Amino acid sequence: MSQPRPIPRLLGSLLLVTAAALSGSVPAAAASGSARAGTVRPLGQIVPAPASVTPSGAPYTLTAQARIQTDASAEARAVGEHLAEVLRPSTGYALPVTTRPAARSIRLRLAAEESGLGDEGYRLKSAPGGVTITAHRPAGLFHGVQTLRQLLPASVESDTRQSGPWQVAGGTITDSPRYAHRGAMLDVSRHFLTVDQVKRYIDHLALYKMNKLHLHLSDDQGWRIAIDSWPRLATYGGSTQVGGGPGGHYTKAEYKEIVRYASSRHLEVVPEIDMPGHTNAALASYAELNCDGVAPPLYTGTAVGFSSLCVPKQLTYDFVDDVIRELAALTPGRYIHIGGDEAHSTSHEDYVAFMNKVQPIVAKYGKTVIGWHQLTGASPQQGALAQYWGLDGTSQAEKAQVAEAARNGTGLILSPADRVYLDMKYNKETKLGLAWAGYVEVRRSYDWDPANYLPGVPASAVKGVEAPLWTETISRDEHIDHMAFPRLPGVAELGWSPASTHDWETYKVRLAAQGPRLSALGIDYYRSPQVPWPAQ
């Protein structure tokens, strides 16, 4: 399929900002995110690009006398405390969170009358007298705070005291997301990742207004969540990982802590139990799940497509029911992902039969099904979402199957592997990652439009985008950082920003300005030669 042409930018004010940066008329410190005295980051020079930017007037300066004023709601107070936690270490200011009015401070306000902002939108007004962020719902208020963070100098992200000054350009930003689903998938099955590692990734997703964390909890190499009714899944099936390391799993309390922490950053956790394939860890744990009653050995390689649950056995569905029941009880979010990809050892007839029996189990426990796009080869349940992970070069027949399902009411999450799989190498020199979908440089990951990516799919069927990070070669924070950044912010922008803002030439300037911020956060990102990074 030919590459979609970039849509011309309609945000005049933001175009002027980025064009000025390209021509050199924006001071170098403003373009780079430096806190050098006398420079202010241009309003709107953030990622994702806001829907509406109106610069006006003098900047706001945060001082030691400032407070964070919230309304009386617990939700606004929680967002205020989050903002204070970000700002206090670098500024050295006390920044008490209070409901009492305070001059030249930051005000966070939930307003029932602002329903036009939707559940995630916000309005930010900056002037010498203070900054006010208004939203209809708490998620919008939280997203507005992430915008405020990016408008401040990059050094505000430091965990040690910095010199400032802490200024925010004057004007108004009114913003809301293009898509409701803006996600990132983290594979904890190939290599187990600790609760703290997952929390760190959640913080980075939140800064770019992502709202879904898809956790890939089971695969051939490891089962990562405790299931009381089938305890060997975690204790034995989770005891190893790719390369033969010790593996690990989350207790129910640890999983609930991940869910709680994600919720505090307004991300919904979507757990995935992959089936009927990608199930060797389960099959090794319980011999009776195999058609022949013989448990295979644990697996530490990276091949796919060799395992399958035993579709004819009633015990298989008792097993699935138990797992979904326990997982649903731990997961307040709307979705459970049932995988469904690369079931090469399952016949088509068995695959359809399996999906027809499993989808109602998910519904029985009050959840909505998500499956990889192979689900469209069966009969997706009403309301189910299919996650497309094909390539530009995927067969027309397979794309047509997905498009037909979309026209019949199945919503789509777009995760094309040769665009947004964060484990794909940038180029042949990249040490981490894989290249089966090709090399994916930063521009390629950004320069496509979800609304017209798949031919024959109604734009209304596209519910959002998601960037998966598979972990065959990834086990440490620095691995995650190098492969996710700087591609992840671009995927976040595809999900959040209006199509009218989508333009690589202006985006790469805003992305370049993120470099010092990523460094201040301790993220050792890939310095793509496609991006005009500032000297640091």
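1. The structure holds 18 aromatic pairs, a pair being rings of Phe, Tyr or Trp (its six-membered ring) with centres within 6.5 Å; planes under 30 degrees apart count as stacked, over 60 as edge-to-face and the rest as tilted. W230 and F319 form an edge-to-face pair, at 5.1 Å centre to centre and 85 degrees between the planes. This pair links distant parts of the chain, 89 residues apart: W230 lies in the loop between β13 (222-223) and α6 (232-235), and F319 in helix α9 (residues 314-330). Both W230 and F319 are buried (under 20% relative accessible area, 1.4 Å probe, protein chains only).

2. The model is predicted: local features need pLDDT of at least 70, side-chain atom pairs count only at pLDDT 80 or more, and totals for chains, interfaces and linings use all residues. Residues are numbered from 1 along each chain as its sequence is written, and side-chain values use heavy atoms, with hydrogens and water left out.

3. The ring planes of Y446 and W504 meet at 50 degrees with centres 6.2 Å apart, so this pair is tilted. Both Y446 and W504 are buried.

4. Ring pairs also link W372, W389, Y421, W436 and W470 into a cluster.

5. Two charges sit over rings (NZ of Lys or CZ of Arg within 6 Å of the ring centre and within 35 degrees of the ring normal). The charged end of R487 is 3.8 Å from the ring centre of Y426, while K209 lies over the face of W496 at 5.7 Å from the ring centre.

6. I202 counts as buried because its relative accessibility is 0%. Leaving aside neighbours within four places in sequence, I202 is in contact (heavy atoms within 4.5 Å) with L213, I258, Y261, A262, R265 and L267.

Terms used. Buried means under 20% relative accessible area, exposed over 50%, partly exposed in between (1.4 Å probe, protein chains only). Helices (H or I, at least four residues) and strands (E, at least two) are DSSP runs, numbered from the N terminus.
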